[in-house]
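This report looks at a contact between two chains and then at one residue. Begin with the structure shown here.

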Amino acid sequence: MTVGAGAGFAGDRVDQAVKLASSGRCDAVVLECLAERTLVQGLEERRSDPDRGYDTRLRRRLAPLLPAAVEHGCAIVSNLGSANPLGAADAVVQLSRELDLGHVRTAVVTGDDILDRVDEVLWDTPLGQGELLGAHVYLGAEVIGQAVAQGADLVLTGRVADASLFVGALAPIVDSNDARAGATVVGHLLECAGQVTGGNYQPPGGNRHVSAQGLAELGYPLATVETDGSAVIWKLRGTGGRIDRLTCTLQLLYEVHDPAAYVTPDVTVDFTDISMDQVDVDRIRVSGAKAVAVPEALKVIGFLRQPGVVTDLEISYTGIGALERARLGGEVLQRRLEPVSEVLRLQTDIVGVDSVLRGASLPLLAEPPEVRLHASAVCADGETALAVEDEVYALTLSGPAGGCGIRCERRDPIEVVSGKIGRQHIDAQLHWVAAGR
Amino acid sequence: MRVGDIAVGRAGDKGPMLDLSIVAVDRAAYEVLHDILTERRVAAAFEGLADGPVVRYAIPKLNALKFVLPEAMPGGVYMSGHAGLHWQKGAISVLMDMELP
């Protein structure tokens, strides 16, 4: 059975999924589109309109993909449902009518939203202050698998473990714990789409063999999976990027924490005995995943909206002495805002010098021709954020010479908290969307 | 010679945890990195950026090492005061640019 990865995050490229579905080589295309931040946006949208809260890019993504998938008999599995999977299904009904596709057999998985059951959650650290915007359990592959086995054209979910989307899509060939472990590895290798085919990847020693054309036409990955859980990871001919032992191993280990115990709702997997064999150009055979256990408890993620506002600002300085003037500007901000008790935290640094790696940045070898002063402030309220923003703007007239190109962005301080809940408290459900609505 | 000459790497996160992976180009490179990239040395390289301990996992069959910094990102990525979001993806260069003796 062959699955493809058509998206690795909410804003990922749209055209590659269409290419995979149109190739006629895929039994299913999986679109992983739901990050923590995206889910918070969905929750906020759902709060202002109960019909919304599903992925805002649903139409943009599915309008080109659905016709291709229906034509080639390729199922689609996706967490585009975000905070409102049933609402997403309604949007698909509307879209397939507009596209004149006939009835798209659409299944919806619910049960991840457990805000009404947070008393059953054992949080990793006690919840501090802040308003709990939502709590979601990471569901596994089981219900997705039922939908796929019953012939779904499209399965829409909310919060599901990313790898489980793939395990669900592969359900017809997954019937042992080791096969489940193998399918989980496939899911983990594919869930970030282009990251396993040469995206976000620097070859050893430099970028000599990386081209803009290759990255612009980066092929998204497919996996042909056997019943024993082994698989070949590959990409369509003529696409950019690469698949080799290094790209696959790097993605295998990405964000797994303990490689001997990669925990998913379906199975805990030991990665340490996995083999990666190059069987052809851009083809890696992966085998040796071991099922360790099936976890008793499921992971929960919660979003705590902290009081206040974060404002993030930048201002440029140019020419000889740019860095010195930018640092001076930062010091002026610190002096101006130090007496304001409603500014709870103010950090300043220099984009181009130390804004990402702070004290671990490489030493500066030459004077940069231009830099940006960056300031980030956690403020008690919006009025205070405005005061901070105005202080940055005031640097243009009352600060060091030549401040320009100011950009400002506000965001809510949202703390992501995690915990566990016993399986017995979770009720994942399958819904079929009625035809002819 | 730097780590990035004989290995590839990628950074990610999970809640407050910074999660770094490196894969050596071959067994000899792995042995070198295994000896040099101790938890203590990696923690020292991250001084001024990320606080707290470093936990290392070795995966010899894959010529790979993982470094997890459980307290590197208090409150998770969205509480960070760095410029823009998801700064942690760039943290891999701290490892890749470490000089090898």
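## A salt bridge between the chains

Lys61(B) and Asp273(A) form a salt bridge, with their closest N and O atoms 3.0 Å apart. The term covers a side-chain nitrogen of Lys or Arg within 4 Å of a carboxyl oxygen of Asp or Glu. The rule finds 1 salt bridge across the interface of chain A and chain B.

This is a predicted model, in which local features need pLDDT of at least 70, side-chain atom pairs count only at pLDDT 80 or more, and totals for chains, interfaces and linings use all residues. Residues are numbered from 1 along each chain as its sequence is written, chains are lettered from A and ligands numbered from 1 in the order in which they are written, and side-chain values use heavy atoms, leaving out hydrogens and water.

## The interface

Chain A gives 50 residues to the contact and chain B gives 46. Contact means heavy atoms within 4.5 Å. On the side of chain A that touches chain B, 21 residues are nonpolar, 16 polar and 13 charged. Nonpolar means Ala, Val, Leu, Ile, Met, Phe, Trp, Tyr, Cys and Pro; charged means Asp, Glu, Lys and Arg; the others, Gly among them, are polar.

## Ser316(A)

Ser316(A) lies in strand E16 (residues 309-318) of chain A. Strands are DSSP runs (E, at least two residues), numbered from the N terminus. Ser316(A) is buried, at 12% relative accessible area; buried means under 20% (1.4 Å probe, protein chains only). Among its contacts beyond four places in sequence are Val371(A) and Gly403(A).

Note on methods: Helices (H or I, at least four residues) and strands (E, at least two) are DSSP runs, numbered from the N terminus. Buried means under 20% relative accessible area, exposed over 50%, partly exposed in between (1.4 Å probe, protein chains only).
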